[in-house]
Amino acid sequence: MWSRIPKFFKSFYFLVSLSFLIWMIFFDPNDFISQYQMRGKLKDLEDGKLYYQEKIVEVEQEREALLKDDKKLERFARENYLMKKPSEDVYVIVEKKEGQ
């Protein structure tokens with residue numbers, strides 16, 4: 001039976017390379033599958049980083065606009081933090097969602 005196997009497949013270098021490849025695919029903690037998954041996770045994190053950098057720029061622009069204009073600042077405070085003048089009443093209207 002050994003005579004049917006080509007000499008190339010019986011060589012020391014082929015067997016060592018094959019065992020190394022099998023080890024790297026299945027048994028190593030940093031195997032190829034884990035590397036592929038980590039590369040995908042890294043791409044997702046980089047996309048998230050870009051999103052948050054854009055949001056930071058947007059918030060800074062909004063902040064500058066609010067600090068320059070008192071009317072915009074008052075409107076922002078009234079809408080987001082429900083602030084009011086002492087002589088005013090604030091009514092909060094909550095809309096029902098479908099299925100409630």
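## Basis of the model

This is a predicted model, in which local features need a pLDDT of at least 70 and side-chain atom pairs count only at pLDDT 80 or more, while totals for chains, interfaces and linings use all residues. Residues are numbered from 1 along each chain as its sequence is written, and side-chain values use heavy atoms, with hydrogens and water left out.

The pLDDT, the predictor's confidence in each residue on a scale from 0 to 100, averages 87 over the protein, and 97% of the residues score at least 70.

## Overall architecture

The protein has three helices and zero strands, these being DSSP runs numbered from the N terminus (H or I and at least four residues for helices, E and at least two for strands), and along the sequence the pattern reads α-α-α. The radius of gyration is 32 Å, well over the 13 Å that the globule rule gives for 100 residues, so the protein is more spread out than a compact globule; this radius is taken over C-alpha atoms, and the rule is 2.2 Å times the number of residues to the power 0.38.

Along the principal axes, the C-alpha atoms fill a box of roughly 100 × 40 × 20 Å. Buried residues make up 5% of the 100 residues, and the protein exposes about 10,300 Å², of which carbon and sulfur atoms supply 61%, the areas coming from the Shrake-Rupley method with a 1.4 Å probe and, for residues, with only the protein chains shown counting as cover.

## The nonpolar patch

L18 is found in helix 1 (residues 12-27), and together with I22, W23, F26 and F27 this leucine makes a nonpolar surface patch of about 540 Å². Patches are made of residues with over 30% relative accessible area and no salt bridge, like charges being joined within 9 Å and nonpolar side chains (Val, Leu, Ile, Met, Phe, Trp, Tyr) within 5 Å.

## Salt bridges

A search of the whole structure finds seven salt bridges, each defined as a side-chain nitrogen of Lys or Arg within 4 Å of a carboxyl oxygen of Asp or Glu. In helix 2, E58 and K55 lie three residues apart, about one turn of the helix, and their side chains meet in a salt bridge at 3.7 Å, N to O; E58 counts as partly exposed at 42% relative accessibility, as does K55 at 33%. The side chains of E64 and R63 also meet in a salt bridge, at 3.6 Å, N to O.

In helix 3, E79 and R75 are four residues apart and therefore separated by about one helical turn, and the closest N and O atoms of their salt bridge are 2.8 Å apart. R75 is exposed, with a relative accessible area of 55%. A network of salt bridges links E74, R78, K85 and E88.

## The segment after helix 3

L82 lies in the segment after helix 3 and has a phi near 55°, a positive value in a residue other than glycine. Most residues other than glycine have a negative phi.

K84 lies in the segment after helix 3 and is partly exposed, with a relative accessible area of 44%. The side chain of K84 reaches the backbone oxygen of E88 at 3.1 Å, and K84 and E74, 10 residues apart in sequence, are 9.3 Å apart in space, C-alpha to C-alpha.

Definitions and conventions: Buried < 20%, exposed > 50% of the residue type's maximum accessible area, 1.4 Å probe, protein only. Polar contact = N/O pair within 3.5 Å; in protein donor to acceptor, adjacent residues only side chain to side chain.
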